Amino acid sequence: MAAALICCLFCGCSNGNLTDISPISKGFSCKFSIADSDLSGQLSVNLEGDLSLIFNGPDIINGIGIRVKEESVIVEVDGISERYPRSEVPSDSPALLIY
């Protein structure tokens, strides 16, 4: 549910449409950008419920990916990935909030 809410926020849906959101069961993918910010990228959830964020901007984080898979958070930079247990990632991490 949180992923659908955040996707709607990124994509510009109004709060009035949020009451009819149903759980995501077939996965999805969308581009996002945040108004008045350079932050943009691709947000997707696969059929298993794994969340993936790949940033396009700003330039300093272009290409960085964050994946949340059940009990792991995986950060990918320039083809190198590091896996962290969810228990070690702050609960207010943006990726976990979206997940």
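These legends walk through several close-up views of one predicted protein model.

Residue numbers start from 1 along each chain as its sequence is written, and side-chain values use heavy atoms, with hydrogens and water left out. Because the model is predicted, local features need pLDDT of at least 70 and side-chain atom pairs count only at pLDDT 80 or more, while totals for chains, interfaces and linings use all residues.

**View 1. The whole chain, to get your bearings.**
The protein chain has two helices and six strands; helices (H or I, at least four residues) and strands (E, at least two) are DSSP runs, numbered from the N terminus. Reading from the N terminus, the order is α-β-β-β-β-β-β-α. The chain has 99 residues, and 32% of them count as buried. Here buried means under 20% relative accessible area, exposed means over 50%, and partly exposed is in between, with a 1.4 Å probe and protein chains only. Take the contacts between residues at least 6 apart in sequence: 17% of them join residues at least 24 apart. A contact means heavy atoms within 4.5 Å.

**View 2. Inside the largest nonpolar core.**
A nonpolar core is a set of buried Ala, Val, Leu, Ile, Met, Phe, Trp, Tyr and Cys residues joined through side-chain atoms within 4.5 Å. The largest one here has 14 residues, and those with the most contacts inside it are Leu 43, Leu 51, Leu 53, Phe 55 and Val 73. Two or more core residues come from each of β1 (28–33), β2 (40–45), β3 (51–57) and β4 (65–69). Zoom in on Val 73: setting aside residues up to four places away in sequence, Val 73 touches Ile 66, Arg 67, Val 68, Glu 82, Arg 83, Tyr 84, Arg 86, Val 89 and Leu 96.

Search the whole structure and you find one aromatic pair. The rings of Phe 32 and Phe 55 have centres 6.2 Å apart and planes at 90°, so the pair is edge-to-face. Phe 32 sits in strand β1 and Phe 55 in strand β3, so to speak distant parts of the chain, 23 residues apart. The cut-offs go like this: rings of Phe, Tyr and Trp (its six-membered ring) pair if their centres lie within 6.5 Å, and planes under 30 degrees apart count as stacked, over 60 as edge-to-face and the rest as tilted. Phe 32 has a relative accessible area of 4%, so Phe 32 is buried. Phe 55 counts as buried too, at 13% relative accessibility.

**View 3. Ser 72 and its arginine partner.**
Look in strand β5 (residues 72–77) for Ser 72. Ser 72 counts as buried because its relative accessibility is 14%. Its side chain makes a polar contact with the side chain of Arg 83, at 3.4 Å. A polar contact is a pair of N or O atoms within 3.5 Å; within protein, one must be able to donate a hydrogen and the other to accept it, and residues adjacent in sequence count only if both atoms are side-chain atoms. Beyond its neighbours within four places in sequence, Ser 72 is in contact with Arg 67, Arg 83, Tyr 84 and Arg 86.

**View 4. Around Lys 69.**
Lys 69 belongs to strand β4 and is partly exposed, with a relative accessible area of 31%. Leaving out neighbours within four places in sequence, Lys 69 is in contact with Asp 50 and Ile 74. Leu 51 is 18 residues away along the chain, yet its C-alpha atom is 6.8 Å from that of Lys 69. For Glu 48, 21 residues from Lys 69 along the chain, the C-alpha separation is 8.8 Å. Glu 48 lies in the loop between β2 and β3 and counts as exposed at 62% relative accessibility.

Start in the loop between β3 and β4, where you'll find Pro 58. The peptide bond from Gly 57 to Pro 58 is cis, with omega near 5°. Next comes Asp 36, in the loop between β1 and β2. Asp 36 has phi near 60°, a positive value in a residue other than glycine, and is exposed at 86% relative accessibility. Finally, Asp 78 lies in the loop between β5 and β6 (80–85). Asp 78 is not a glycine but has a positive phi of about 50°, and counts as exposed at 76% relative accessibility.
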